[in-house]
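Subject: Handing over a structure

Hello,

I am passing a structure on to you. Please open it first and keep it beside you while you read my notes.

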Amino acid sequence: MNRRRRRIAMLAVTGLTGGLLLAGPQPASAANLIKNAGFETAGTDGMPYCWEKSGWGDNDFAFAHTSDAHTGAKAMKVTLTRRVDGDRKALITESAECAPAVAPGKQYDLSLWYKSTTPDTSVTLFRHDTTAGWQYWTDLKTLDMASAYTEATVRTPAVPAGTDRITWGVSVYGTGSVTTDDYTMEQVPDVLPPATCTGTADSCANGRWDVLPTQNPVRSMHSVVLNNGKVLLIAGSGNSEEQFNAGTFTSAVYDPANGSYKVVPTPKDMFCSGHVQLQDGRVLVMSGNKAYPVVGGHGYEGFKDSYIFDPVTETYSRTNDMNDGHWYPSATVMGNGDVLSFGGLREDSTGSVTAELFSQAEQQWQPLWKVNQTWSYWGLYPSMILMQDGRLFYSGSHVFGNNIPGTGSAIYDYDANTVTQIPGLQNKDQRDQSASVLLPPAQDQRVLTLGGGNIDSNPDGNRLTDIIDLKAANPSYVAGPPLPQGTVDLGNGPVAETGNQGKMYVSAVLLPDGKVLETGGALHNRADPVFESSLYDPGTNTFDPVAADPQARGYHSSSFLLPDGRVMSTGDNPGNGTWNHNVSIYTPPYLLKGTRPAITSVIDTEWTYGDTQRITVDRPIAKAELIRPAAVTHSSDPNQRFVDLPLSVDGNNVDLNVTSNPNLAPPGWYMLFAVDANGVPSVAKWVHLQGPAGLSADSASTFSVSSGTEAAPHVHSFADDLTGKVTGPGRKRTSQAVGPTVSGCDRHYGSINVCVPTAFPATVKKTTAARCSWLKANDYGRLKVNGKDDPLGLDPDRDGLACGKGDLRKG
C-alpha cells in the first residue's frame with residue numbers, strides 16, 4: 001500500500017446520485033462578484049484573465065482555454081489523463097484584484113455551468129485570512145457527470161471571522177475532463193428580521209437553567225442519547241458499595257417528551273464502563289466494575305463482559321467477551337462502523353495494554369490475533385478522536401493522575417500500528433478530567449481541549465485551553481483563551497474564583513448553532529464545585545460567560561444535547577459518597593430569539609454517503625448539520641461531532657449534500673438540525689447514515705451501486721508531514737502496573753464509596769486538625785479506619801475512628 005496515500009485525509013465532499021442540481025432564485029439586483037466569469041478575456045500562461053492553474057500531487061493534466069463555451073466564445077477545460085493522487089483545478093486568481101471580497105458572517109450563492117466526463121470533481125473553496133493569508137477552506141459538493149452543459153449551484157457556509165476574500169473553482173481528482181463556463185457569485189440577501197427576545201433580557205443574553213421537578217431515580221454516571229430521542233442513564237452499582245454487595249445494578253430511560261423515567265433491569269455492574277452507539281442505533285456497553293478496592297489487597301477491577309442495549313425493547317443482551325478487562329475504557333466508532341477500545345483496568349487491577357476491536361460486520365469482539373497491538377497503556381478513558389483519514393488523535397484528555405509519557409497527545413495509525421507524538425499540549429499532567437471536542441464543523445478538523453487537574457497531586461483545577469488544527473502538515477497544539485472564572489464553593493458558600501483557578505470534571509457540548517457549551521466542574525478531587533458556564537465560538541476563538549447551572553456538577557456528572565436543542569445535566573458524586581439526583585436543563589439563548597424554523601418534511605430518513613437529500617423548511621435557513629448523539633461519561637465523548645451539510649436552495653426546498661467520507665460521519669443515527677440566519681435551530685429530525693461507504697484514497701476512482709455511479713471522496717494531504725517521535729509496537733506484555741490508589745482515594749478511611757483524597761488541596765495544612773476540618777466542611781461524617789495503617793494521620797489516638805475528639809486533641 002502506498003504509505004503517503006494511505007495517510008491522506010478524505011474531505012467532506014458530496015455526491016449527487018439523483019442529479020438534483022437546483023438553481024435558487026436570485027434577486028434581480030444581485031451583482032456577480034466574479035471578474036471575467038465567462039473566460040472571454042485572455043490572460044497569461046494560456047489562462048483567462050483573473051484565473052490561475054492550481055493543484056497538487058502525482059498526475060498528468062492539461063488546462064485549455066477552449067471555444068467549447070456555454071455562452072460567448074470561451075470556456076475553461078481541465079483534463080487528467082493519469083492520476084496517482086492529488087487534483088488539478090482552475091481557480092480565481094489569489095489577488096486583491098481578482099478574488100471576490102466577502103464579509104464575515106455572510107453567505108454566498110455559487111453557480112457555474114459545466115460538462116464532465118468524470119464523477120470525481122468538487123467545488124473547492126479557499127479563503128484569505130487577514131492574519132494567516134490564503135488557506136484551504138472547504139469542499140462543498142461534487143458535480144454529477146454531464147454530457148451537455150448543466151447548471152450547478154451551492155451556498156457557502158457563513159464566511160469565517162477574519163476572512164476578507166475567497167477564491168473557488170472545480171477540482172478534478174479522477175481521470176477525465178471538466179469544462180466550465182459562466183460562473184456567478186452573489187451575496188445571499190438578509191431575509192430575516194432581527195431576532196426578538198422572548199424572555200428576560202438576562203435569559204436572552206445568557207440562557208436559562210431550570211431544575212426539573214422529578215429527580216433521576218438512579219445514580220447514573222453514563223448518559224447515552226438514543227435514536228428515539230430518549231436518554232439511557234446507566235448507573236450499575238452507582239459507586240455504592242451497598243448496592244454492589246446486594247447485586248443491585250440499575251439503569252433508567254428518560255423521556256424528555258414527558259419527563260418520565262423507567263428503571264431498567266441491568267445485568268452487571270456497568271459502573272465506569274465504556275459505551276457507544278452502533279450503526280443500527282443499539283448501544284454497545286463494554287466492561288465495568290468487577291470489584292471495589294480492598295485495603296492491603298487490590299484496587300478496582302474490570303471485567304471482560306460486554307452487552308448491547310436495544311432502544312426498542314429497552315433491554316440488555318450479552319455479546320461475546322472482550323479479550324481483557326477494561327474498567328474505564330475508551331470507545332471510538334470508526335468509519336466502517338467498527339469500534340476500537342483502549343485502556344482501563346484489567347481483572348487483576350493492572351492497566352490493560354490490549355486494544356480491542358468490535359466488528360460491525362460480525363457483531364462481536366475480535367480475537368486478540370485479529371487486532372493490531374502496540375502493547376501501549378493509554379490510561380483511563382483516553383480521548384481517541386477519529387480523524388478524516390481513519391487515524392486516531394489522542395487529545396490528551398484522560399482520567400486519574402498523570403498523562404501518558406511523552407508530549408501527552410499523539411496520532412495513532414491503526415493500520416500502520418504506529419504512534420506519533422504531537423507537541424504543544426500545555427501542562428500535560430494536569431489535564432486529568434479535562435474535556436476534548438472535535439469543533440464544529442468536523443470538516444475543519446480542529447480539536448479543543450479545556451480544563452483539567454490531577455487527583456494525585458490535587459492542585460487547583462486549571463483554566464487551560466488548547467486548540468489543534470489537524471489539517472496542518474505538522475499539527476501542534478496552540479494555547480487558546482483561558483476558561484472564564486465563576487464561583488467556587490469551598491465549604492462556606494460560593495465565592496469568586498481567584499488567580500488561575502479553573503476547573504476539572506468539565507463538560508463540553510456541541511450545539512446546533514456551531515458553538516460549544518462548557519459547563520460544570522470542580523476545583524479539586526471530588527470537592528469544591530465550580531459554578532460557571534460559557535459558550536465557546538470556534539469562529540472568533542472566544543468564550544462568552546453565560547448562566548451557570550445552579551446544581552453542583554463535579555465527579556460523575558454529564559451534560560449532553562437533547563434533540564430539541566436544550567442541554568441536560570445530571571449527577572454529582574463528591575468524595576463523601578453522596579449523589580445529586582437533581583437534573584438541570586439549559587435553554588440556550590438561541591431558543592429565546594423568537595419562532596424557530598421547522599423541518600416540515602424529510603423525503604428519506606435512510607441516507608447514504610455521497611447522497612443529495614431533500615428536506616423542506618417553513619422559512620429560509622442558513623445552514624444544516626448532522627450532530628451525532630451523545631454517549632458521555634467522565635467528561636469524555638470522543639465520538640461527539642457536528643458535520644456540516646452544504647446547501648442547494650430552491651425556496652423552501654433544500655437539498656443537503658451528504659459527505660462521501662465515512663470517517664467524517666461514521667455510520668449510525670444522527671440528529672439533523674436546520675438553523676436560520678439568527679442562529680436559531682429547528683427541533684432535530686432523526687436520520688440514518690450508512691453505506692455504501694465512500695471510497696478510500698487507495699480505491700478505484702468510482703464504484704457502482706444500484707443508484708448508478710458514485711464519486712470517490714476528494715483527498716488532500718492533512719497531518720501528512722509529522723515530525724514528532726514515532727514508535728511502533730513494543731514487546732508483547734500482559735499489562736502495566738497501576739497503583740491501588742489510582743482513583744485518588746485513600747481507602748483506609750470510611751466505606752468503599754467514600755473518597756478521602758490521597759492528597760489534600762494545597763490550602764489545607766498537613767495537620768490532623770486541618771485535614772479533619774476540611775473533611776468536616778465537606779460533609780464526610782463518621783470515618784472508620786480500615787486496618788491498622790493511618791497514612792494521612794487522621795487517627796492519632798488509635799481508636800479506629802478518624803477525626804474523633806481524641807484525634808483533634810492529639811493533632
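Two points on the ground rules. This is a predicted model, in which local features need pLDDT of at least 70 and side-chain atom pairs count only at pLDDT 80 or more, while totals for chains, interfaces and linings use all residues. Residues are numbered from 1 along each chain as its sequence is written, and side-chain values use heavy atoms, with hydrogens and water left out.

**Domains**

The chain is divided into domain 1 (51-187), domain 2 (205-594 + 723-727), domain 3 (599-689) and domain 4 (747-810). These bounds come from an automatic or database domain assignment.

Look at domain 2 and domain 4. Their centres, taken over C-alpha atoms, are separated by 30 Å. Domain 2 gives 21 residues to the contact and domain 4 gives 19 residues. Contact here means heavy atoms within 4.5 Å. Between them the two domains bury about 1,600 Å², with 52% of it on carbon and sulfur atoms. Buried area is the accessible area (1.4 Å probe) that two parts lose on being put together, summed over both. How many salt bridges cross the interface of domain 2 and domain 4? The rule finds zero. It asks for a side-chain nitrogen of Lys or Arg within 4 Å of a carboxyl oxygen of Asp or Glu.

**Disulfides**

A disulfide is a pair of cysteine sulfur atoms within 2.5 Å. By this rule there are four disulfides. Counting bonded cysteines along the chain, they follow the pattern 1-2, 3-4, 5-6, 7-8. Helices (H or I, at least four residues) and strands (E, at least two) are DSSP runs, numbered from the N terminus.

- C50 and C98 are joined with an S to S distance of 2.0 Å. The torsion about their S-S bond is about -75 degrees, so this disulfide is left-handed. C50 sits in the loop between β1 (9-10) and β2 (51-56), and C98 in the loop between β5 (87-92) and β6 (108-116), so the pair ties together parts that are 48 residues apart in sequence. Both C50 and C98 are buried.
- C197 and C204 are joined with an S to S distance of 1.8 Å. Here the torsion about the S-S bond is about 85 degrees, so the disulfide is right-handed. C197 is partly exposed, with a relative accessible area of 40%. C204 is buried, at 16%.
- C772 and C803 are joined with an S to S distance of 2.0 Å. Their S-S torsion is about -85 degrees, so the disulfide is left-handed. C772 lies in helix α4 (residues 768-777) and C803 in the loop between β63 (801-802) and α5 (805-810), so the pair ties together parts that are 31 residues apart in sequence. C772 is buried, with 6% relative accessibility. C803 is partly exposed, with 22%.

What about C272? Its sulfur is 11 Å from the closest cysteine sulfur, in C745, which is too far for a bond. C272 is buried, at 0% relative accessibility.

**Strand β54**

Strands pair if DSSP finds at least two bridges between them. Strand β49 (residues 612-617) runs antiparallel to β54 and is joined to it by five bridges. T612 has N657 in β54 as its bridge partner. Strand β53 (residues 647-650) also runs antiparallel to β54, with four bridges joining the two. V649 stands opposite V654 in β54. β53 and β54 form a hairpin with two residues between them. In that turn, G651 has a positive phi of about 65 degrees.

**G750**

Last, one glycine. G750 lies in the loop between β61 (735-736) and α4. Is G750 buried or exposed? G750 counts as buried, at 10% relative accessibility. Leaving aside neighbours within four places in sequence, G750 is in contact with L783, K784 and N786. The C-alpha atoms of G750 and V649 are separated by 64 Å, and the two residues are 101 apart along the chain.

Best wishes

How values were computed
Buried means under 20% relative accessible area, exposed over 50%, partly exposed in between (1.4 Å probe, protein chains only).
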